[in-house]
Amino acid sequence: MKNFEWVQPETVADAVAALGHPGAMALAGGVDLLDRLKERLDSPSRLVSLRKLPNLSEIKVAGGVATIGANVTLARLAADPALQKSHRIISDAAGHAATPQLRAMATIGGNLAQRPRCWYFRSEEFVCRKKGGAECFAQEGDNSMHAVFDNKLCAATHPSTVVTALIALGARVTIAGAKAREVELASFFVKPETDVRREVDLASGELITGLSVPASAANLRTAYTKQVAKQSFDWPLVDVAVALVMDGQTCRQATIVLGAVAPTPRRAVEAERVLAGATVDVLAAGRAARAAIASASPLAHNDHKVQILETVLARTIMNAAAGRAS
Ligand SMILES: Cc1cc2nc3c(=O)[nH]c(=O)nc-3n(C[C@H](O)[C@H](O)[C@H](O)COP(=O)(O)OP(=O)(O)OC[C@H]3O[C@@H](n4cnc5c(N)ncnc54)[C@H](O)[C@@H]3O)c2cc1C
């Protein structure tokens, strides 16, 4: 590992200034970044610890609106009683991520900005497109855990499962930098066709400070499912967040977000259209799930993910409509 400078600013302004240094990188819980240093994927000139930044470790729920600081851990997101009441699927998704030990360290800021877990990207042996190479090795290699949509240029999936729930509830991300800004979380992620070398819309010197999640609409019913291959901890085969504005058994508006199936979290707009105005029953949930997978383009070893997605999505729609926790 190359030597690096360590700095621990105590204000957001000082952190932004420290991150403007060439080769500087932000360090939060270190769950992802320290792995990447050990895997020799990154060799920063400076690590900027975010731990001492004030006010980034708070969760507030006021008037139904949740504000979540970037340094809040996944363990706290999962356990916060006010958030569980106001935006339950965020707590559900956080509580299903990783393991208890990792959730105690992992922050939501780092979770949004973590890099993909594609085994070719993570191995220093493979100089894939994400590292400036000319190839995506997953196209011809072992692609059993890879993307089944939008996978031609790069087949790595977005690693965060918490973002599916956040996007389904319309979260916005707040960013500090030369100019403070706030963007919809749904448009924060960068598609490989736009820039295959990065996954998030953060410029050098910018820092995620937190998230805000709007108050839930009246009659909103939600459900979240993370489908894994084994019962103990695992990365997802697929994960799904569903938010339905209901009028009795009729769906007025649907927001459906799919994770672990594309390089960025994917809105299932085709399924949302099927549900809008429909009575939500097993047949409608099945039609919506079929619409969601219609444009899938699985690779040689991952068409099982498409079938799993169809089943999990139909079940999660039914859970949401019935107001059942997944
Ligand atoms: C075994 C294992 C299982 C996992 N399972 C899941 C899972 O099921 N679901 C899931 O969602 N995740 C999962 N993860 C990923 C884990 O949740 C993330 O690695 C973690 O949330 C990263 O947060 P961190 O605070 O440790 O970030 P760090 O490792 O400190 O940083 C990660 C990246 O984000 C950048 N960064 C950190 N904070 C900020 C900020 N405020 N502003 C801008 N950039 C920032 C860093 O520079 C770095 O590039 C798993 C990880 C492991 C090791």
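Which helices and strands each supply at least two residues of the shell around the ligand? They are β2 (24–27), α2 (33–38), α7 (108–113) and β8 (207–213). Helices here are DSSP runs of H or I of at least four residues, strands are runs of E of at least two, and both are numbered from the N terminus.

Before I continue, a word on the source. This is a predicted model, in which local features need pLDDT of at least 70, side-chain atom pairs count only at pLDDT 80 or more, and totals for chains, interfaces and linings use all residues. Residues are numbered from 1 along each chain as its sequence is written, and side-chain values use heavy atoms, with hydrogens and water left out.

Let me stay with the ligand. Of the 33 residues around the ligand, A26, L33, T107, T161 and K226 come nearest. The largest share of the shell, four residues, is supplied by α7.

I turn to polar contacts, meaning pairs of N or O atoms within 3.5 Å. A polar backbone atom of A26 is 2.5 Å from an oxygen atom of the ligand. For G30, a backbone N or O atom lies 2.8 Å from a ligand oxygen, and for D32 the corresponding distance is 2.8 Å. The protein covers 94% of the 980 Å² of accessible area that the ligand has on its own, by the Shrake-Rupley method with a 1.4 Å probe.

Now the aromatic rings. Rings of Phe, Tyr and Trp (its six-membered ring) pair if their centres lie within 6.5 Å; planes under 30 degrees apart count as stacked, over 60 as edge-to-face and the rest as tilted. By this rule there are four aromatic pairs. F126 and F137 have ring centres 5.1 Å apart and planes at 65 degrees, so they are edge-to-face. Both residues lie in the loop between α8 (119–122) and α9 (162–168), 11 residues apart.

F126, at 28%, is partly exposed, and F137, at 21%, is partly exposed. Ring pairs also link Y120, F126 and F137 into a cluster.

Definitions and conventions: Buried means under 20% relative accessible area, exposed over 50%, partly exposed in between (1.4 Å probe, protein chains only). A residue is near a molecule or strand if one of its heavy atoms lies within 4 Å of it. A polar contact is a pair of N or O atoms within 3.5 Å; within protein, one must be able to donate a hydrogen and the other to accept it, and residues adjacent in sequence count only if both atoms are side-chain atoms.
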